[in-house]
Structures are given as structure tokens and as C-alpha cells.
Amino acid sequence: MSLIQVRELSKHFKVPARKTGRFAALRNLFSFERTSKVAVDGVTFAIERGEMVGYVGPNGAGKSTTVKMLTGILVPTSGEVEVDGMVPHRDRKRLAHRIGVVFGQKTQLWWDVPVIESLRLLKEIYRIPTSTYQANLELFNDLLDLHEFQDTPVRQLSLGQRMRSDLVAALLHSPDILFLDEPTIGVDVVAKDRFRSFLQQLNEERQVTVLLTTHDMSDIEKVCERMMIIDQGRIIYDGAIAGMKKRFTPYRVLVVDFADGVSDVEIDRAELMERNGRQARFRFNRWQVSASELITELAQKYPVRDISVEEPEIEAIVREIYERSAIGERLEGQ
Ligand SMILES: Nc1ncnc2c1ncn2[C@@H]1O[C@H](COP(=O)(O)OP(=O)(O)OP(=O)(O)O)[C@@H](O)[C@H]1O
Ligand SMILES: [Mg+2]
């Protein structure tokens with residue numbers, strides 16, 4: 001039995017039916033007609049204890065809706081969902097002790113109350129032992145500089161400070177499953193880096209399981225070993241991140257430093273993208289020509305000082321997967 005198990009999970013929302021034609025705006029106003037909007041469409045996956053999984057997809061794909069069903073905030077329209085042996089919307093309270101949740105778009109904290117007071121309230125709500133509470137607070141102080149703004153009411157915090165406070169709130173009861181829906185919006189690079197290392201540390205030391213939703217592919221690449229991609233409510237990719245660069249997008253970039261005095265350069269099977277002083281960047285398709293063939297050709301034709309090959313960004317790969325799925329190509333994860 002997997003820690004998280006989702007089978008054929010769907011969520012349909014009832015939305016007002018839009019009328020068109022004469023007096024449409026007026027008729028919309030008085031209409032009670034509803035149609036169904038499919039947000040999550042038969043999603044199936046399993047996550048084992050200790051996995052760190054990135055959940056990726058374009059705006060409106062169904063990521064937050066999935067996370068809301070996993071955390072018991074929304075009741076599924078159909079299908080099954082089980083987290084740590086519990087059905088989230090039925091066992092919501094019991095499950096809350098086992099999971100930590102962050103929705104970057106919306107704070108879970110009390111708006112008018114200083115951060116530290118919110119945390120004290122959570123300590124009571126979750127009945128966190130004082131020793132655990134103190135130890136966690138100390139840890140987060142080091143990690144996220146909480147002390148700098150812990151006495152400020154949430155409504156007066158900057159976006160990044162608010163996110164940090166929400167992270168602390170989600171982790172305070174030492175949960176071993178984390179659902180993080182865009183947890184790093186507005187967080188600066190230094191804090192982001194610390195947060196990523198911290199997740200890795202939690203995972204190594206306590207086998208904490210993480211489902212991470214973000215539009216920042218470097219978050220995913222640094223933290224997760226596996227990626228699920230959802231588009232229009234359906235999973236279009238589920239597989240290891242390692243190896244994705246090999247399997248998708250055939251393009252690589254060859255960066256060449258020429259010796260002085262080389263002006264025009266041209267090679268057959270690569271496209272010159274950029275020329276900057278002595279340096280040139282060529283794009284090539286590695287399914288048509290290998291880097292070593294190109295390097296040999298270049299070195300024969302021109303005096304070359306240095307050559308390197310650049311791997312594509314993970315972002316380019318995800319974009320490629322969206323595009324292939326949009327034209328109906330089925331992709332299998334590995
Ligand atoms: N309460 C709701 N009522 C009606 N439609 C909704 C509701 N919540 C979400 N939707 C719709 O369901 C779809 C999926 O939304 P969801 O918030 O899950 O997307 P997402 O993948 O999290 O996107 P984003 O990257 O923008 O956060 C969207 O088309 C959205 O408009
Ligand atoms: Mg979302």
C-alpha cells in the first residue's frame with residue numbers, strides 16, 4: 001500500500017452557464033443555469049513514503065484542485081484518494097496532524113495577529129509538545145530568520161516574509177507528509193536556497209514525503225527526483241527527472257571560443273545562434289549529429305581555443321512535453 005494513493009480521481013465544478021446573444025449580460029445575471037467544469041479528469045498515481053515529487057503544469061491545469069482533494073479541503077466528484085490510510089475529506093481532522101500544507105496563494109495564518117501568536121495558537125490546536133515546538137521554532141529561526149518579523153501582524157508582512165511564516169506554520173507539528181502548493185512565491189534566492197536544502201534534510205533525516213507544486217522549475221530540479229505533469233486535468237507525464245534531458249528535446253548548444261582573428265564561421269549541421277567577440281554559440285540536434293562530429297569539423301576548419309556543450313534547461317523540456325501533449329502525442333514516464 002502506497003502512502004498516497006489516487007485512482008481515477010476527478011473534480012467537476014458547477015459554474016454558471018454563460019449565455020450569448022441578445023441581452024446576454026442581463027440574462028446571465030438572472031440565470032440559475034449551471035454547467036460543469038472539469039478541473040481534474042481521472043488522475044491516477046501513487047507516492048511512496050520518502051518520495052519527493054514535483055507536480056507541474058500550466059495555469060488552470062488542476063494542480064491546486066488535486067492538492068485540495070489530497071488534503072480534504074475539497075470532496076472529489078468521483079474516484080478514490082487515500083493519504084496515509086485515510087480518506088482526506090472524511091478524516092480531515094485526524095489527517096491534519098499528519099500533514100503540513102502550504103498554499104502560497106493564500107495564507108493559513110490569522111491576518112491581524114502577530115506571527116508568533118499565530119504559531120502559539122497552532123501549538124494549542126495541534127497539541128504540539130512544548131519541547132517539539134521550541135526545537136522547531138529554533139530551527140526555523142536559523143533557517144528563515146523568523147525572529148526578524150515574528151512580532152509583526154501578518155497583514156503588514158512583505159510577500160516573502162508571509163511565505164516564510166506560512167512555511168513555519170505548516171511544519172510546526174513535524175508532519176511527515178508535506179503538500180506544498182507554490183510555497184516559494186516571492187521568496188528571495190537566498191531563502192529559497194535554504195528552504196530547498198531544508199526540505200532535502202527533512203527528507204533524509206525523517207523520510208518526510210513531499211508533493212511540491214511550483215512554476216519554478218529549478219525548485220523541482222533541485223528538490224525532486226520525480227515529476228508529474230498535469231495538463232487540462234490529466235496527467236501527461238509521470239517519471240524520473242534524471243534522464244528527461246536525454247529523452248526529450250534533442251537540441252544542445254555548442255559554445256566555441258575561437259582564437260583571435262577568426263571572423264566568419266560556418267558549419268554544416270549546426271545553426272549559429274550568437275556571436276560575441278571570440279565566442280560563438282551553435283544550436284544542433286543531437287539526434288542528427290553528435291557533438292564530437294561537430295567538434296572535429298570545427299577544429300579542422302578553424303583555430304579553436306575551447307569548446308563546451310550546454311545541456312538544455314529543464315524548463316525547455318517541460319515546455320516540449322506540454323507542446324507534444326497538445327498535439328495529442330502520448331508520453332510514457334520511465
Ligand atoms: N471553486 C472553483 N469553482 C469553479 N472552478 C474552479 C474552482 N477552482 C478551480 N476551478 C477551475 O478549475 C481549473 C483548475 O484550477 P486549479 O486551481 O486546480 O489550477 P492550477 O493547476 O492550480 O493552476 P495555477 O497554476 O494557476 O495555480 C481551472 O480552470 C479553474 O478555473
Ligand atoms: Mg494552483
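1. Two strands pair if DSSP finds at least two bridges between them. By that rule, E1 and E4 pair in the antiparallel sense, over five bridges. Within this pair, Ser10 stands opposite Ser78 in E4. Helices (H or I, at least four residues) and strands (E, at least two) are DSSP runs, numbered from the N terminus.

2. A word on the source. This is a predicted model, in which local features need pLDDT of at least 70 and side-chain atom pairs count only at pLDDT 80 or more, while totals for chains, interfaces and linings use all residues. Residues are numbered from 1 along each chain as its sequence is written, and chains are lettered from A and ligands numbered from 1 in the order in which they are written.

3. Overall layout. The protein has 11 helices and 13 strands. Its C-alpha atoms fill a box of roughly 75 × 60 × 45 Å, taken along the principal axes. Of the 334 residues, 33% are buried (20 or more other C-beta atoms within 10 Å of the residue's own; exposed means 12 or fewer, partly exposed in between; C-beta atoms are placed from the backbone). Take the contacts between residues at least 6 apart in sequence: 71% join residues at least 24 apart. Contact here means C-beta atoms, placed from the backbone, within 7 Å.

4. The sheet with E1. Three strands form an open sheet in the order E2-E1-E4, with antiparallel pairing. E2 and strand E4 (78-83) stand at the edges with a single partner strand each, so one side of each has no neighbour in the sheet. Neighbouring strands are turned by 30° against each other on average, direction ignored (axes are lines fitted to C-alpha atoms, for helices over the stretch in contact; angles run from 0 to 180 degrees between N-to-C directions).

5. The ligand shell. Ligand 1 is surrounded by Phe13, Val15, Lys37, Ala39, Gly57, Asn59, Gly60, Ala61, Gly62, Lys63, Ser64 and Thr65 (a residue is near a molecule or strand if its C-beta atom, placed from the backbone, lies within 6 Å of it). Strand E1 (4-16), strand E2 (34-47) and helix H2 (63-70) each give two or more residues. H2 supplies the largest share, three residues. By type, the shell divides into four nonpolar, six polar and two charged (nonpolar: Ala, Val, Leu, Ile, Met, Phe, Trp, Tyr, Cys and Pro; charged: Asp, Glu, Lys and Arg; polar: the others, Gly among them).

6. Helix H2. Eight of its eight residues are buried, so H2 is largely enclosed by the rest of the structure. Lys63, Ser64 and Thr65 are among those buried. Gly72 follows H2 and has a positive phi, near 85°.

7. Nonpolar cores. A core is a set of buried Ala, Val, Leu, Ile, Met, Phe, Trp, Tyr and Cys residues joined through C-beta atoms within 7 Å. The largest has 64 residues, and Val168, Val210, Leu212 and Ile229 touch the most other members. Helix H6 (residues 159-171) gives the largest share, six residues. Apart from this core lies another, of nine residues, including Phe282 and Phe284. Neighbours within four places in sequence aside, Leu212 is in contact with Met52, Gly54, Tyr55, Leu180, Asp219, Ile220, Val223 and Cys224.

8. The E11-E12 hairpin. E11 and strand E12 (residues 279-285) pair in the antiparallel sense over five bridges. Two residues separate them in the hairpin, and Gly277 in the turn has a positive phi of about 60°. Leu272 stands opposite Phe282 in E12. Of the six residues of strand E11 (residues 271-276), zero are buried, so E11 lies largely in the open.

Definitions and conventions:
Contact = placed C-beta atoms within 7 Å.
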